[in-house]
Amino acid sequence: MKTLIVIDMQNDFIDGSLGTSEAVDIVENVKNKIQEYSKRGDEIIFTRDTHHEDYMETNEGKHLPVVHCIEGTEGWQIREGLYVEGAAIIDKPSFGYTGWGEFAFEEVELIGLCTDICVVSNALILKAQFPEIKVSVDSSCCAGVTPESHEAALTTMKMCQVEVV
C-alpha cells in the first residue's frame, strides 16, 4: 500500500500569515493528488504544524518571528476541501515529525508546504528511518518560501535518494 503524507496544507501557509502565491497555486494539484489516493483506498496522513500562544518565546519563534498555526485558530486548520474521511492527522510541534518509525510504510509520497522547511525535513527523516523504501515528493504539489528555496530543497532531496517527480 502506498501512503500519501500531506505536509502542513494549512491556511496560514497558503494565504495566511506565511502564505505565498506559489502555495495558493498548488492547492488544486494537492486536492487532485489526495483524491487519487483516496479513490485507490491508499493511506493518507495529514500533518499539521501546531504552535501555542507562547510561540514567540520558543526557539522557532525567535528565528521565525511570525505568529502562525496557533492551535485552534483558522490559520491552523487544514485548507477546506482537502481533508478526506478516514485520513489521519498528526499535530507536529516542529518542522519534522520524529514519530514516523512507529508506522509500517511500504512506499511514501510527500506533498505540501513548505518544500524548503517541513517537506524536506520529513522526507529526510523518513529516508533515515526507512532507508529501503521508496520515498518520493511530487514537486507540482509543493511550494517553498521562495521559488529558489523550493528548487534548492528539491535538489537536496534528490541528493539524499528521495525521488522527485
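A residue is called buried when its relative accessible area is under 20%, exposed when it is over 50%, and partly exposed in between, for a 1.4 Å probe and protein chains only. The model is predicted: local features need pLDDT of at least 70, side-chain atom pairs count only at pLDDT 80 or more, and totals for chains, interfaces and linings use all residues. Residues are numbered from 1 along each chain as its sequence is written, and side-chain values use heavy atoms, with hydrogens and water left out.

Aromatic residues were examined next. Rings of Phe, Tyr and Trp (its six-membered ring) pair if their centres lie within 6.5 Å; planes under 30 degrees apart are stacked, over 60 edge-to-face, and the rest tilted. Six aromatic pairs were found by this rule. One of them joins W100 and F103, with 5.6 Å between centres and 50 degrees between planes, a tilted pair. F103 is partly exposed, at 25% relative accessible area. W100 is buried, at 0%. The rings of W100 and F105 are also tilted, because their planes meet at 55 degrees, with centres 6.0 Å apart. F105 is buried at 7%. A single aromatic cluster holds Y97, W100, F103, F105 and F130.

The strands come next. Helices (H or I, at least four residues) and strands (E, at least two) are DSSP runs, numbered from the N terminus. Two strands pair if DSSP finds at least two bridges between them. Six strands form an open sheet with parallel pairing, in the order β3-β2-β1-β4-β5-β6. β3 and β6 (163-164) are the edges; each has a single partner strand, so one side of each lacks a neighbour in the sheet. β5 (residues 134-143) and β6 run parallel and are joined by two bridges. V137 lies opposite V164 in β6. Helix α2 (residues 21-40) packs on the sheet and touches β1 (2-7), β2 (43-49), β4 (107-113) and β5. Contact here means heavy atoms within 4.5 Å. The direction of α2 makes about 140 degrees with that of β5; axes are lines fitted to C-alpha atoms, for helices over the stretch in contact, and angles run from 0 to 180 degrees between N-to-C directions.

H68 lies in the loop between α3 (59-63) and β3 (88-92). This residue is buried, at 1% relative accessible area. The C-alpha atoms of H68 and D12 are 6.1 Å apart, although 56 residues separate them along the chain. Beyond four places in sequence, the contacts of H68 include D12, F13 and Y55.
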